Amino acid sequence: MPTLTRLGLPGTEQAWAALGFTVADGEFRIGHVTCTIGEPAWGFDETHAAPELLGVPYLAADAGAQRPAAARPDRTSNGSASDTVHPNGMTIVDHVVYWMPNLDEGAANLTAVLGIPPRRRFFPRGPEGPEMAFYRVGEPFIEAVGSGLPADLAGVAFLTPDLDAAVAAIRAAGGPIGDPRPAVQGGRIAPVWRGHLDWGIAFMEPKPRT
């Protein structure tokens with residue numbers, strides 16, 4: 001299965017620190033994803049067609065092997081990168097939102113690049129909302145939307161086990177975030193005010209297991 005390992009984010013270190021992330025040298029890590037501040041972009045551990053098909057800037061593999069040891073992520077005994085603790089309590093990237101002009105063509109391109117079909121394709125907000133296709137890429141999903149707009153990464157959602165604590169931590173750091181509310185996909189969600197980075201950012205809590 002292809003894995004999303006790199007994610008480019010718009011804005012500044014200060015803007016992301018205000019959302020409760022621990023940022024160093026323009027980067028922070030969430031689960032298995034390294035986030036680089038600069039512009040919306042992504043990178044995968046494997047691709048099966050030219051990533052340029054997707055119309056989104058592509059991040060090359062991390063050149064960490066060329067960096068001094070002190071600048072590399074800490075490694076656990078099994079060789080994987082250790083988890084970074086963030087004040088907001090985020091543990092993984094839940095999903096990234098990928099806009100495309102036409103879902104049929106865009107999903108075909110995603111399938112070609114990733115080498116896998118979508119897990120699901122439907123209208124999650126009902127027949128009046130956009131049709132979406134969902135691809136699992138490691139920890140996160142890609143939420144592909146036929147928006148009628150040029151191809152772009154439109155936003156990201158992070159997952160935490162305690163959304164109320166996350167909202168409190170983000171507000172304590174000076175971040176503009178709304179109150180938690182029910183999410184379409186279950187659980188709860190708290191969106192960041194759009195004007196903070198003029199980009200879609202949300203924090204989510206999974207729905208309780210029954």
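Reader: What makes these 4 strands an open sheet, and in which order do they stand?

Author: The order is S2-S3-S1-S4, with mixed pairing. Strand S2 (27–30) and S4 stand at the edges, each with a single partner strand, so one side of each has no neighbour in the sheet. Strands here are DSSP runs of E with at least two residues, helices runs of H or I with at least four, numbered from the N terminus. This is a predicted model, where local features need pLDDT of at least 70 and side-chain atom pairs pLDDT 80 or more, while totals for chains, interfaces and linings use all residues. Residues count from 1 along each chain as its sequence is written, and side-chain values use heavy atoms, without hydrogens or water.

Reader: How do you know that S2 is joined to strand S3 (residues 33–38)?

Author: Two strands pair if DSSP finds at least two bridges between them. S2 and S3 have 4, so they pair. They run antiparallel. In S3, Cys 35 is the bridge partner of Phe 28, and Thr 36 that of Glu 27. Their hairpin has 2 residues between the strands, and Gly 31 takes a positive phi near 60 degrees.

Reader: In which sense do strand S1 (residues 4–10) and S4 pair?

Author: Antiparallel, over 4 bridges. Leu 4 stands opposite Phe 44 in S4.

Reader: Why are both faces of strand S4 (residues 41–44) called covered?

Author: Ala 41 and Gly 43 are buried on one side, Trp 42 and Phe 44 on the other. Buried means under 20% relative accessible area, exposed over 50%, partly exposed in between, with a 1.4 Å probe and protein chains only. Over the protein chain, 45% of the 210 residues are buried.

Reader: Which residues touch the most other members of the largest nonpolar core?

Author: Trp 16, Trp 42 and Phe 203, in a core of 47 residues. Helix H2 (residues 103–114) gives this core the most, with 5 residues. A second, separate core has 6 residues, including Ile 189 and Met 204. A nonpolar core is a set of buried Ala, Val, Leu, Ile, Met, Phe, Trp, Tyr and Cys residues joined through side-chain atoms within 4.5 Å.

Reader: Where do Ile 189 and Met 204 stand?

Author: Ile 189 is opposite Met 204 in S12. S11 and S12 run antiparallel, joined by 4 bridges. Helix H3 (residues 163–172) packs on the sheet and touches S11 and S12, its direction making about 10 degrees with that of S11. Contact means heavy atoms within 4.5 Å. Axes are lines fitted to C-alpha atoms, for helices over the stretch in contact, and angles run from 0 to 180 degrees between N-to-C directions.

Reader: What is the strand order in the open sheet of 8 strands?

Author: S6-S7-S8-S5-S9-S12-S11-S10, with mixed pairing. S6 and S10 are the edges; each has a single partner strand, so one side of each is left without a neighbour in the sheet.

Reader: What makes the largest pocket a pocket, and which residues lie nearest its centre?

Author: On a 1 Å grid over the protein atoms alone, a pocket is an open set with protein on both sides within 12 Å along at least five of seven lines; a cavity is a set where a 1.4 Å probe fits but cannot get out. Lining residues have an atom within 4 Å of a point. Here 41 residues line the pocket, with Asp 94, His 95, Glu 143, Gln 185 and Met 204 nearest its centre. Elements giving two or more residues to the lining include strand S5 (92–100) and strand S8 (141–146).
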